[in-house]
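Thank you all for making the time this morning.

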Amino acid sequence: MTHEVVAIQPSGLTQEDILIQVLQTQKELKQNQEVLAGDVDYLKNEQPINPSICLELENLRRVKVIMALGGKDSQAYKDRSFASQVFRQAAKDFKEFFRIPRYDLLKKKDEERAFDYWKSWEPSHNTKMEIKTING
């Protein structure tokens, strides 16, 4: 009959116990790494943009709407009721495009697209026609 001798480590643990502990530790480390990766992804992509970026986007919107109205000296801009309507419509278009209820909830991952959006934004055809009519 052969007897297998299991080497006992000085701490009283067998090699098998040590191997089990190492694998359990590795499993815990992997789980922690996955949690950290999720947190980093949220911080890089899902977190709302910085308030200063929000302010820049609002300024860009203001400039685009004023240009669409024909400038600050135009009749469409001076007609406060109409100008306010166009400003509101621009903000609504933006929020609908990015599916957000407020500017400050724009996700970091959409920041570049938001700047591109305002660079290419134009009022609707009907609004353009109204601007033309008001500006005469």
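Predicted model: local features only at pLDDT ≥ 70, side-chain atom pairs only at ≥ 80, totals over all residues.

Let me start with a question: is R102 buried, partly exposed or exposed? R102 is partly exposed, with a relative accessible area of 46%, where buried stands for under 20% relative accessible area, exposed for over 50%, and partly exposed for what lies in between, using a 1.4 Å probe and protein chains only.

Residues are numbered from 1 along each chain as its sequence is written, and side-chain values use heavy atoms, with hydrogens and water left out.

Now the overall picture. The protein chain has six helices and zero strands, these being DSSP runs numbered from the N terminus, with at least four residues of H or I for a helix and at least two of E for a strand. The C-alpha trace spans about 110 × 25 × 20 Å along its principal axes. The radius of gyration is 30 Å, whereas a compact globule of 136 residues would have a value near 14 Å; this radius is taken over C-alpha atoms, and the globule rule is 2.2 Å times the number of residues to the power 0.38. Of the 136 residues, 26% count as buried.

As for contacts, meaning heavy atoms within 4.5 Å, residues 24 or more positions apart account for 60% of those with a separation of 6 or more.

As general background, nonpolar side chains in soluble globular proteins tend to be buried together.

A114 lies in helix α5 and is buried, with a relative accessible area of 0%. Not counting residues up to four places away in sequence, A114 touches L57, F94, F98 and L106. W118, with neighbours within four places in sequence left aside, is in contact with L57, L60, R61, K64, A90, A91, F94 and Y103.

K64 sits in helix α2 and is buried yet has no salt bridge, the nearest side chain of opposite charge being E122, 6.5 Å away. For the charges, Lys and Arg count as positive and Asp and Glu as negative, with His and the chain ends not counted, and a salt bridge is a side-chain nitrogen of Lys or Arg within 4 Å of a carboxyl oxygen of Asp or Glu. What, then, lies 3.1 Å from a polar atom of the side chain of K64? It is the backbone oxygen of K119.

Salt bridges do occur elsewhere, and a search of the whole structure finds six. One of them joins K107 and E46, with the closest N and O atoms 2.9 Å apart. This pair links distant parts of the chain, since K107 is in the loop between α4 and α5 and E46 is in helix α1 (residues 15-46), 61 residues apart. K107 is partly exposed at 32% relative accessible area, and E46 is partly exposed at 26%. E46, K107 and K109 are linked in a network of salt bridges.

Another salt bridge joins E96 and K92, the closest N and O atoms being 3.9 Å apart; these two are separated by about one helical turn, because they are four residues apart in helix α4. The residue I opened with, R102, meets D104 in a salt bridge of 2.9 Å, N to O, and D104 is partly exposed, with a relative accessible area of 35%.

Finally, a point about the backbone. R99 lies in the loop between α4 (80-98) and α5 (111-120), and its phi is near 55°, a positive value in a residue other than glycine. Most residues other than glycine have a negative phi. R99 counts as exposed, at 78% relative accessibility.

Methods: Polar contact = N/O pair within 3.5 Å; in protein donor to acceptor, adjacent residues only side chain to side chain.
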